[in-house]
Amino acid sequence: MTWSRRHVLATDDWSRDEIELVLQQSEAMLEVLARPMRRTPALRGRTVVLFFAEASTRTRISFELAAKALSADTSIITASGSSIEKGETLFDTVRTLEALGADIVVMRHGAAGAPYFVAERVSSAVINAGDGWHAHPTQGLLDALTLRTSLGALEGKRIVIVGDVLHSRVARSDIHTLVPLGARITLSGPATLMPSAWRCGQLPAGVAFEEDVDRALDGADAVIALRLQRERMDAGLLPSLREYALTWGLSEVRVARMRPGAPVLHPGPMNEGIEIEAAVAHGPRSLIERQVTNGVAVRMALLHLLSTTPGAPAARGGGEADRREGKEVAA
Amino acid sequence: MTWSRRHVLATDDWSRDEIELVLQQSEAMLEVLARPMRRTPALRGRTVVLFFAEASTRTRISFELAAKALSADTSIITASGSSIEKGETLFDTVRTLEALGADIVVMRHGAAGAPYFVAERVSSAVINAGDGWHAHPTQGLLDALTLRTSLGALEGKRIVIVGDVLHSRVARSDIHTLVPLGARITLSGPATLMPSAWRCGQLPAGVAFEEDVDRALDGADAVIALRLQRERMDAGLLPSLREYALTWGLSEVRVARMRPGAPVLHPGPMNEGIEIEAAVAHGPRSLIERQVTNGVAVRMALLHLLSTTPGAPAARGGGEADRREGKEVAA
Amino acid sequence: MTWSRRHVLATDDWSRDEIELVLQQSEAMLEVLARPMRRTPALRGRTVVLFFAEASTRTRISFELAAKALSADTSIITASGSSIEKGETLFDTVRTLEALGADIVVMRHGAAGAPYFVAERVSSAVINAGDGWHAHPTQGLLDALTLRTSLGALEGKRIVIVGDVLHSRVARSDIHTLVPLGARITLSGPATLMPSAWRCGQLPAGVAFEEDVDRALDGADAVIALRLQRERMDAGLLPSLREYALTWGLSEVRVARMRPGAPVLHPGPMNEGIEIEAAVAHGPRSLIERQVTNGVAVRMALLHLLSTTPGAPAARGGGEADRREGKEVAA
């Protein structure tokens with residue numbers, strides 16, 4: 001298996017081999033992170049621009065520290081205080097980043113599909129750090145790494161995802177990463193917060209829906225709680241936070257329905273007391289901090305892989321003419 | 001020609017030789033930027049503070065990446081979230097930056113002249129990254145570099161600048177950089193958006209005004225479109241954006257009036273469909289992305305030159321006493 | 001004296017030897033800062049996260065440049081645009097920073113005690129960069145360094161602190177650093193802006209209160225002016241800024257009451273014309289810029305010392321297991 005992708009936009013069209021390759025590389029990066037000197041020169045002299053049109057702390061810092069651990073130069077753009085306010089188009093902003101010398105653009109955007117639009121139009125490599133409700137591929141990969149380290153091979157394992165699946169790019173990316181690795185997914189949560197086709201039984205292969213979270217958790221191998229966006233309640237999709245917590249929140253009693261020691265994940269930031277009790281979030285089953293650490297490793301792996309893609313500008317194998325025309329160059 | 005300036009505030013008092021020196025150094029920096037490892041150790045251990053009291057993306061990132069490519073340490077201050085909000089004077093803010101160890105302060109400010117005020121009062125080198133309507137010297141230099149690469153020597157070339165010249169620090173800095181290199185400038189745009197003396201024919205040497213943009217473009221060697229600030233319309237200086245676009249916007253038909261292949265520049269961010277059509281902005285004559293890339297090289301050249309000025313603090317030739325008294329020290 | 005602290009939260013429980021050690025190390029760091037190449041590899045491959053839940057410019061940049069001068073990687077979080085807005089608890093935010101790989105978290109927070117809460121719950125080292133009205137230990141240490149360089153040993157020296165002591169973490173940290181070094185403190189300012197117990201004579205050892213600032217300054221060895229928060233006037237604690245300036249502001253006449261050449265300090269940012277006249281702020285007695293430079297050195301010293309604490313995670317002496325359990329490991 002050699003890496004040939006120029007961008008990381010979503011994992012829905014990835015092969016199992018590609019996912020495995022990223023997980024293997026991430027494990028190697030975890031070893032780098034465990035060293036006293038947490039740094040490799042892999043991306044020295046390369047530039048990673050973090051373009052966050054939506055607010056984020058953990059994902060932005062995770063990518064930033066991943067890039068710095070690889071010795072890349074980084075620069076951060078957030079929506080406020082940037083030219084975005086001046087009415088520049090997304091296309092022009094990103095072409096400008098390319099012309100400024102961005103080898104890799106890490107991009108979070110409120111509009112689903114924005115990273116695809118960009119990736120078709122620039123020679124910089126693009127990593128999707130979350131686009132609307134669509135995808136958050138690095139979250140899917142870090143959840144897969146975390147589950148595999150805890151459970152071993154995911155073949156036949158049953159993973160429950162609880163919460164607002166409809167609006168969750170995390171749920172979508174988890175499904176697109178875990179199912180190819182052989183896991184079976186049970187979705188649970190309010191029917192109003194499920195995609196309508198899925199609610200009616202037209203589910204993707206490997207995915208089931210069980211509204212009753214207790215039944216969903218019975219004998220499960222792991223559970224991923226989704227963050228409840230408080231805005232959903234205002235939109236009339238939820239009766240109250242208290243009712244949500246009672247009916248779908250992960251309590252100690254509830255998680256005990258899973259297999260002994262079955263782990264609990266959450267993408268963060270958590271609403272403690274709503275989708276997850278503090279005792280579960282910080283209890284012995286919690287892998288939530290491990291997810292954060294693994295996130296840095298997965299992002300290091302992807303940044304590094306994108307710099308090795310044959311013919312890609314981030315690989316800097318060819319000259320300016322090759323970059324512009326996107327020619328394939330032997331690495 | 002040796003470099004002896006301690007600051008880069010505006011190019012209006014620069015000699016042709018000084019401009020040529022910066023352009024030559026910028027060409028050398030473009031070669032550094034074309035290398036697989038885009039980094040030189042020239043400013044290692046030096047500190048560049050980016051003090052942006054006005055919002056900016058491309059200029060801030062351009063300076064930031066330029067400083068990092070030279071291995072300098074960087075720190076960014078923006079108006080929001082800084083002590084500026086606490087009522088500190090500009091003088092005290094910049095003296096603080098000096099005391100914090102800023103070798104070079106890159107400064108954007110809404111008040112014309114602010115960088116001059118600062119440069120007289122600190123030993124750090126100051127680069128003006130745009131002060132009110134006054135000057136934006138690095139933009140003038142990068143436009144000169146871009147035009148020279150495209151047209152060859154600028155002696156006798158006729159460059160059109162279209163738009164809101166009155167409020168444009170870009171127009172002023174372009175004139176002060178291109179005229180010494182032998183270019184002739186034709187300004188075009190609404191008479192309400194021209195400095196009143198210029199509108200009445202009292203123009204600087206080498207500069208003409210032609211309100212009709214079609215006549216201005218006939219046979220021209222290049223055109224620079226200025227960004228239209230939408231606020232101007234609110235102030236009653238413009239009838240409507242649509243009328244502006246029809247009368248002065250750069251369309252494909254209009255730019256075809258120039259000499260064959262004559263290039264189109266724009267400082268960005270663009271209002272596509274207003275001062276420039278998308279087909280022109282992204283068409284074969286457009287050098288807009290080349291301007292962005294050249295901007296990084298010009299800023300690297302200036303940062304590097306300022307660190308070589310004999311006796312300047314950024315040169316770190318002398319000790320603390322020399323720094324304070326601004327003594328000339330043999331490099 | 002060897003350093004054994006895992007955190008820097010306040011200096012109120014520090015021994016004189018510990019304070020002396022930091023001042024000595026800071027003097028060594030000043031020598032590093034005076035070199036042409038202002039950089040040491042001491043923290044190479046370590047990560048310092050700057051978590052500023054309250055706005056700050058000088059303290060944030062001071063820590064940032066200190067960390068970079070030690071070759072650490074840095075990442076900045078400010079309250080706006082971070083997950084704090086999404087309702088995450090402080091505990092979860094900081095556990096996330098730890099999991100992201102923060103060796104040292106520098107933290108400013110509006111709530112007194114917040115850094116203590118955090119330090120008990122993470123293995124990262126925590127430096128308090130100001131918590132509510134409680135403490136600002138690096139300011140106390142940099143003031144001690146500045147005074148000692150100017151006055152020599154502080155034994156028996158009388159230092160006046162003028163202003164809003166009640167709301168000032170700077171005053172508290174100055175007292176807790178200067179008194180152990182043998183200095184005597186005279187507080188002066190409106191009685192409404194003194195802690196009520198202190199106003200009534202129940203003062204800590206080494207501290208006196210003298211409402212009349214002229215009497216307080218008579219024969220003093222140095223004065224520290226505190227920043228007047230304009231919000232205090234709105235709260236009815238002050239009659240008017242003009243009256244404050246007349247009654248307690250440091251004028252040239254007033255500071256001349258001190259011993260000849262006795263220096264003037266201010267933590268910044270200054271309200272010139274209120275708590276301090278411009279002629280004093282920028283006059284020959286002013287050490288205000290020297291304080292800023294010393295601040296970088298003190299922060300370098302603390303960052304470096306925290307990376308040498310036996311068994312501390314920032315020391316990276318042990319493996320992951322040691323970090324988690326906080327075991328003491330021979331360095």
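**Figure 1. The interface between domain 1 and domain 2 of chain A in the predicted model.** Between them, domain 1 of chain A and domain 2 of chain A bury about 2,300 Å², and carbon and sulfur atoms give 57% of this area. In the domain assignment of chain A, domain 1 is made of two segments, 16-135 and 292-330, while domain 2 covers 137-290. The C-alpha centres of these two domains of chain A are 28 Å apart. Domain 1 of chain A brings 29 residues to the contact, and domain 2 of chain A brings 28.

**Figure 2. Polar and charged pairs between the two domains of chain A.** Across the interface of domain 1 and domain 2 of chain A there are 4 salt bridges. A:R148 and A:E20 form a salt bridge through their side chains, with 2.6 Å from N to O. The interface of domain 1 and domain 2 of chain A also has 14 residue pairs in polar contact, both residues being at pLDDT 80 or more.

**Figure 3. The side of domain 1 of chain A that touches domain 2 of chain A.** Three helices of chain A each give two or more residues to this side: helix 1 (16-34), helix 2 (58-69) and helix 13 (288-306). Strand 3 (104-109) and strand 4 (125-131) of chain A also give two or more residues each. Helix 1 of chain A has the largest share, with 9 residues. By class, this side of domain 1 of chain A holds 11 nonpolar, 10 polar and 8 charged residues.

**Figure 4. Chain C superposed on chain A and on chain B.** Chain C is brought onto chain A by a rotation of 120° with 0.0 Å of shift along the axis, at an RMSD of 0.0 Å. The two copies are therefore related as by a three-fold rotation axis. For chain C on chain B, the superposition is likewise a rotation of 120° with 0.0 Å of shift along its axis (RMSD 0.0 Å).

**Figure 5. The interface between chain C and chain B.** Here 26 residues of chain C are in contact with 28 residues of chain B. Chain C and chain B bury about 2,500 Å² between them, with 46% given by carbon and sulfur atoms. There are 3 salt bridges between chain C and chain B. The side chains of B:D73 and C:R39 form a salt bridge, 2.4 Å from N to O. Polar contacts between chain C and chain B join 12 residue pairs, both residues at pLDDT 80 or more. On the side of chain C that touches chain B, helix 2 (58-69) and helix 13 (288-306) of chain C each supply at least two residues. Helix 2 of chain C gives the most, with 8 residues. This side of chain C has 10 nonpolar, 6 polar and 10 charged residues.

**Figure 6. The interface between chain C and chain A.** Chain C puts 28 residues into this contact and chain A puts in 27. The area buried between chain C and chain A is about 2,500 Å², 46% of it on carbon and sulfur atoms. Between chain C and chain A there are 3 salt bridges. A:E289 and C:R95 meet through their side chains in a salt bridge, with 2.9 Å from N to O. Strand 2 (73-78), helix 3 (90-100) and helix 14 (320-325) of chain C give two or more residues each to the side of chain C that touches chain A. Helix 3 of chain C gives the most to this side, with 7 residues. The residues of the side of chain C that touches chain A comprise 6 nonpolar, 11 polar and 11 charged.

How values were computed
Residues numbered from 1 in each chain as written. Chains lettered and ligands numbered in written order. Predicted model: local features only at pLDDT ≥ 70, side-chain atom pairs only at ≥ 80, totals over all residues. Heavy atoms only, no water. Least-squares fit on C-alpha atoms with pLDDT ≥ 70 in both. Contact = heavy atoms within 4.5 Å. Buried area = accessible area lost by both parts, 1.4 Å probe. Polar contact = N/O pair within 3.5 Å; in protein donor to acceptor, adjacent residues only side chain to side chain. Helix = DSSP H or I, 4+ residues; strand = E, 2+ residues; numbered from the N terminus. Nonpolar A, V, L, I, M, F, W, Y, C, P; charged D, E, K, R; others polar. Domains from an automatic or database assignment.
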